[in-house]
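Please read the points below with the model open beside them. They cover pockets, ligand contacts and backbone geometry.

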Amino acid sequence: MIRKITIPIIERRTIAKNTIEIVLDASLENFTFLAGQYVKISIPKMLYPDPAGNYRMFSIASSPNEKSKMEIVFRDSQSGFKKTLTELPFGSSVIIQGPYGLFTLPKNPKASIVFIAGGVGIAPCLSMIRFAIEEKLGHEITLLYANNDLKSAAYLDELKEIEQNNSRFFIKCHLGLIDENCVRQSVADINQPIWYAVGPPKMVRTTRDILEQLGVSKNKIRFENF
Ligand SMILES: Cc1cc2nc3c(=O)[nH]c(=O)nc-3n(C[C@H](O)[C@H](O)[C@H](O)COP(=O)(O)OP(=O)(O)OC[C@H]3O[C@@H](n4cnc5c(N)ncnc54)[C@H](O)[C@@H]3O)c2cc1C
């Protein structure tokens, strides 16, 4: 069910190079969503003007099992919206509308998955990874995580820890642009998994083209453009 709720910012952290995580207090709302979905966030009182308006879409990085708080992540930027989100005092309210989206886990727990995440495209993947591990869903999951450099790779310590503790989760960090080689090398049989590509539109387009050129069927490719 799509809802509109007003909730406060309770935490803000720099979690990687130029990368900010905002934590919203959802404890009073019982806001339900599927891992991988996104919300529209509006700021009632902007601190800076923004020609693109007072709202943006954000994937939820936290697990749906985390009922008390909602985490979102973005790269630091000079847009009026993000500058406002970065500076609003704790306790300031934002309006959340959603959840939206079909970029979610496959129903079949036997399906293996490859996430190809570019930068903060990690957010919906992290939500799905956290949920799949917590619920012991059984998917074999490979994360191909692309960043310009390792310092920009948000949540890397947590992801490495998940990998150490779970024999069916694998992470491969890639520095620079996604290319055919890194896609081909991410799994033994490229025709087996369901592929998820998420991040900047150019990166997603390139990834989809590579997968299709390698012969992956279109119905095995899911994508989300940031
Ligand atoms: C389904 C979906 C899910 C998404 N999930 C996420 C998510 O989880 N995390 C995320 O980060 N994004 C996410 N996005 C994208 C997000 O909604 C924004 O569209 C995107 O991050 C771009 O943000 P921005 O417009 O603030 O511009 P940015 O790309 O952050 O900044 C560039 C803009 O800032 C302005 N600007 C730049 N420099 C200046 C300056 N000096 N002075 C004034 N203005 C300046 C310009 O207008 C420019 O267009 C998602 C999008 C979709 C559709």
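1. Helices (H or I, at least four residues) and strands (E, at least two) are DSSP runs, numbered from the N terminus. The model is predicted: local features need pLDDT of at least 70, side-chain atom pairs count only at pLDDT 80 or more, and totals for chains, interfaces and linings use all residues. Residues are numbered from 1 along each chain as its sequence is written, and side-chain values use heavy atoms, with hydrogens and water left out.

2. On a 1 Å grid over the protein atoms alone, a pocket is an open set of points where a 1.4 Å probe fits, with protein on both sides within 12 Å along at least five of seven lines; lining residues have an atom within 4 Å of a point. Grid points are joined across faces, edges and corners, and a volume is the space filled by probe spheres set on the points. The largest pocket has a volume of about 740 Å³. Its lining has 30 residues, and G118, V120, G121, P200 and F226 are the closest to its centre.

3. Which elements supply the lining of the largest pocket with at least two residues each? They are β4 (55-59), β5 (69-75), β8 (141-147), α5 (201-213) and β11 (221-225). The most comes from β4, which gives four residues.

4. For residue classes, Ala, Val, Leu, Ile, Met, Phe, Trp, Tyr, Cys and Pro count as nonpolar, Asp, Glu, Lys and Arg as charged, and the others, Gly among them, as polar. The lining of the largest pocket then divides into twelve nonpolar, eleven polar and seven charged residues.

5. Domain bounds come from an automatic or database domain assignment. The largest pocket lies between domain 1 (3-100) and domain 2 (113-225), because both give residues to its lining.

6. The second largest pocket has a volume of about 220 Å³. Among the residues that line it are F33, L34, P64, P106, F131 and R222. By class, its lining has eight nonpolar, one polar and two charged residues. Domain 1 and domain 2 each contribute at least three residues to this lining.

7. Of the 16 residues around the ligand, R56, M57, S77, S79 and K82 come nearest. A backbone N or O atom of M57 is 2.7 Å from an oxygen atom of the ligand, and a backbone N or O atom of S59 is 3.1 Å from one. At S77 it is an N or O atom of the side chain that lies 2.8 Å from a ligand oxygen atom.

8. R56 is in strand β4. Its side chain makes a polar contact (a pair of N or O atoms within 3.5 Å; within protein, one must be able to donate a hydrogen and the other to accept it, and residues adjacent in sequence count only if both atoms are side-chain atoms) with the side chain of D50, at 2.7 Å. The R56 side chain also reaches the backbone oxygen of G53 at 3.3 Å.

9. Most residues other than glycine have a negative phi, and most peptide bonds are trans. A cis peptide bond joins G98 and P99, with omega about 5 degrees; P99 is found in strand β6 (residues 93-100).

10. N30 has a positive phi of about 45 degrees and lies in the loop between β2 (19-25) and β3 (38-42). K136 has a positive phi near 50 degrees and sits in the loop between α2 (122-134) and β8. Accessibility is classed as buried under 20% relative accessible area, exposed over 50% and partly exposed in between (1.4 Å probe, protein chains only). N30 counts as exposed because its relative accessibility is 55%, and K136 counts as exposed at 72%.

Note on methods. Near = heavy atom within 4 Å.
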